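Please look at the sequence and the structure together before reading on.

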Amino acid sequence: MKTDFINNDILGHLLYALTPANKLVCIVALETGLRIGDILALKTSDLKKGSFTVTEQKTKKKRRIRLRENIKKQLLAQSGTVYVFPHRNDENRHRTRQAVYSDLKRASKLFRIKGLNVAPHSLRKAYAVDLYKKSGSVAKVRDALNHDNDLVTLLYIFADELTKKRG
C-alpha cells in the first residue's frame, strides 16, 4: 500500500502527538527530504560538523546535508554516544523505522485520520510538495530527492493533488 501526502494541518496534529524523539526524526525528514532509515542511521559525530554527507541506504547515492542550528542543538541534546537516535535497548544500534512508523500510526489513530495511509514516507512527499511550491523547479526537487527520473519526481511534487483526487 502506498503512503499518502499529508497536509500541514494534519501534519501539525501528528507531530504534536509523537514522542519527542520520533517528532525530531520527522522534523529532520521534513527539513531534508531524507528517508527515515537514512535519518535514523545518522551518527552523533556527524552533527559536530557544519554539514555532512549521507550515503542513502536505498540508492547508495551521496547527499550533502546541512541542518539549521536549532535542529542540530535538539538532535545533540537527545543523541546517544554512537547514533543520533539510539535504539531503546542497545546504544550501539539505531532506532528502528518500525518504531517511527508505529508512533505515526498511533498518532494518526488518535486524531481519527481516516482515508489516508500515513507513514514515514508521507514526510518525503510533504517535503517535495513544499520545495516545489517554494522553488517552482522540478529539477531542484529531483536533485534534492536524488531521483534519476523526472516522472518519479512529478509523482512526489503533485502528491497533494493526487491525494485530493483520490479522496
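The buried residues of helix H8 pack against strand S2 (62-65), helix H7 (121-135) and helix H9 (150-157), where helices (H or I, at least four residues) and strands (E, at least two) are DSSP runs numbered from the N terminus, and where contact means heavy atoms within 4.5 Å. This is a predicted model, in which local features need pLDDT of at least 70 and side-chain atom pairs count only at pLDDT 80 or more, whereas totals for chains, interfaces and linings use all residues. Residues are numbered from 1 along each chain as its sequence is written, and side-chain values use heavy atoms, with hydrogens and water left out.

H8 itself spans residues 138-145, and its buried residues are Val141, Ala144 and Leu145; buried means under 20% relative accessible area, exposed means over 50%, and partly exposed lies in between (1.4 Å probe, protein chains only). Seen down the axis of H8, these buried residues fall within an arc of 90°, so they line one face of the helix, the arc being that of the directions from the helix axis to the C-beta atoms. At the start of H8, a side-chain oxygen of Ser137 comes to within 3.4 Å of the backbone nitrogen of Ala139; a polar contact is a pair of N or O atoms within 3.5 Å, and within protein one atom must be able to donate a hydrogen and the other to accept it, while residues adjacent in sequence count only if both atoms are side-chain atoms. After H8 comes Asn146, a residue in the loop between H8 and H9. Asn146 has a positive phi of about 60° although it is not a glycine, and with 15% relative accessibility Asn146 counts as buried.

Lys60 lies in the loop between S1 and S2, and at 59% relative accessibility Lys60 counts as exposed.

Where does the side chain of Lys72 reach? Lys72 belongs to helix H5 (residues 69-78), and its side chain reaches the backbone oxygen of Lys49 at 2.6 Å. Lys72 counts as buried, at 6% relative accessibility, and, leaving aside neighbours within four places in sequence, Lys72 is in contact with Leu47, Lys49, Gly50 and Leu67. Another lysine, Lys43, is found in the loop between H3 and helix H4 (44-47) and is partly exposed, with a relative accessible area of 36%. Not counting residues up to four places away in sequence, Lys43 touches Val82, Tyr83 and Val84.

Side chains of opposite charge can pair when their charged atoms come close. The structure holds 10 salt bridges, a salt bridge being a side-chain nitrogen of Lys or Arg within 4 Å of a carboxyl oxygen of Asp or Glu. One of them joins the side chains of Glu31 and Arg68 at 2.5 Å, N to O. Glu31 lies in helix H2 (residues 20-32) and Arg68 in the loop between S2 and H5, so the pair ties together parts that are 37 residues apart in sequence. Glu31 is partly exposed, with a relative accessible area of 33%, and Arg68 is also partly exposed, with a value of 45%.

Arg35 and Glu56 form a further salt bridge, with the closest N and O atoms 3.5 Å apart. Arg35 is in the loop between H2 and helix H3 (36-40) and Glu56 in the loop between strand S1 (52-55) and S2, so this pair ties together parts that are 21 residues apart in sequence. Arg35 counts as buried at 15% relative accessibility, and Glu56 counts as buried at 1%.

Within helix H6, Arg106 and Asp103 are three residues apart and thus separated by about one helical turn, and their salt bridge brings the closest N and O atoms to 2.6 Å. Arg106 is partly exposed, with a relative accessible area of 40%, whereas Asp103 is buried, at 6%. Elsewhere, salt bridges that share partners join Arg142, Asp143 and Asp150 into one network.

On the surface, Tyr16, Leu110 and Phe111 form a nonpolar patch with about 370 Å² of accessible area together. Phe111 sits in the loop between helix H6 (97-110) and H7, and at 32% relative accessibility Phe111 counts as partly exposed. Such patches are made of residues with over 30% relative accessible area and no salt bridge, like charges being joined within 9 Å and nonpolar side chains (Val, Leu, Ile, Met, Phe, Trp, Tyr) within 5 Å; accessible areas come from the Shrake-Rupley method with a 1.4 Å probe, and for residues only the protein chains shown count as cover.
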